[in-house]
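Q: Please show me how to read a few features of this structure, one at a time.

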Amino acid sequence: MEGKIKLRIEDELKLSGSEQLTLATRGYTIIKKVNEGSYAKVYLAEYKNPNKNSKLSTLACKVIDTNTAPKDFVKKFLPREIDMLIKLNHPHLVHTHSIFQRRYKYFIFMRYMECGDLLEHILHKGAVHEDQARIWTRQLALAIQYMHELEIAHRDIKCENVLLTANQNAKLSDFGFARLCVDTKLRDISSDTFCGSLSYTAPEILQGTPYLPKPTDIWSLGIVLYVMLNRAMPFEEKHIKQLYQAQINKNWRFRTRYVDSLSEKCKRIVTLMLEPNCQRRISIDHIINSEWIAMDSRLLEWTPQETIAYKKAREEKKILFKSLESSQDTPEKERIPNPSIKPTCDVGGGSTSS
């Protein structure tokens, strides 16, 4: 048919009749597959509110089939990801449009990022100029600061999870490994999960002992920054033991063809982020307020959206702490358990619960 997009077999999303009806009645049309991860496929989609005379919107739809995904992922990590997508709202995090479930499939509609991911950008266009790397690092650092303020660690920061808009803004995505960093008594929780990609994994994780998750986000961001500036990984080792030794021995250097074009302040902040001792590693606040970021005075000013998001995070943190403190004062038998969030709700318009 003329004008109809022809899809390859592997690009098609196989939907049951009820799933097709659910999507159609909510105003969604799946166009084609654009990416695929370990447990999900991402499709280009279109949306038009059936109840309003609104224009057509382009979205990305992440489809997770719980029939084919590992049980550990479905029971442990998927509920966390849904929880995070509902909870998180920051200008430098990928915006979630709506989430709903139909039988065994989860449909997560998000803002479509026109320029793909950071890794694609670097592979096609080469190393990122320091001035651009500074802007993107600041945006990602603000997103991480926001999450950390909510006592949430991302735990899977890598170039593939940094998406770029048509206006060349960077947004952090994929919260499948994100988790809370404090327990019901407001104490730091050590994590023992080996998660994320090996090349971006901090040495304290490779060591195989319980670790504090927030500093590992800083390490991973440091790897991302290094890759931006060098179009290469700082560590090439493929085996855990060799990689760990290279990390703790600081066995890395800037690539010869790029090193002379980088400022000393830039080199220093990468070194501080790739500090193998997590207790001495630079904090997210110090990155945002670093001399390197300040080299562009415009980046010292926060946008209204950045300010509002951070203030809301601080307010939510206070509410969280108060609720946790009050629950500690309540006898165990009188406590009402907090029900898990049902991942069938509408977030920011689009669909209704299914």
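Q: Which residues does L88 touch, not counting residues up to four places away in sequence?

A: Contact means heavy atoms within 4.5 Å. By that rule, L88 touches L93, Y146, M147, L150, I152 and F175. This is a predicted model, in which local features need pLDDT of at least 70 and side-chain atom pairs count only at pLDDT 80 or more, while totals for chains, interfaces and linings use all residues. Residues are numbered from 1 along each chain as its sequence is written, and side-chain values use heavy atoms, with hydrogens and water left out.

Q: Which members of the largest nonpolar core touch the most other members?

A: In soluble globular proteins, nonpolar side chains tend to be buried together. A nonpolar core is a set of buried Ala, Val, Leu, Ile, Met, Phe, Trp, Tyr and Cys residues joined through side-chain atoms within 4.5 Å. Buried means under 20% relative accessible area, exposed over 50%, and partly exposed in between (1.4 Å probe, protein chains only). Here the largest core has 75 residues, and L88, L225, M228, V270 and I287 touch the most other members. Helix α6 (residues 213-230) gives the most to this core, with 10 residues. Another core, of 13 residues, lies apart from it and includes I30, Y47, C61 and F109.

Q: Where is D117, and is D117 buried or exposed?

A: Helices (H or I, at least four residues) and strands (E, at least two) are DSSP runs, numbered from the N terminus. D117 sits in the loop between β5 (105-111) and α3 (118-125). With a relative accessible area of 8%, D117 is buried.

Q: What does D117 do at the N-terminal end of α3?

A: A polar contact is a pair of N or O atoms within 3.5 Å; within protein, one must be able to donate a hydrogen and the other to accept it, and residues adjacent in sequence count only if both atoms are side-chain atoms. D117 caps that end of α3, with a side-chain oxygen 2.9 Å from the backbone nitrogen of L119. A polar atom of the D117 side chain also lies 2.8 Å from the backbone nitrogen of E120.

Q: Which residues of α3 are buried?

A: They are L118, H121 and I122. The arc is that of the directions from the helix axis to the C-beta atoms. These residues cover an arc of only 95° around the axis, so they lie on the same side of α3. Their cover includes α4 (130-149), β7 and α6.
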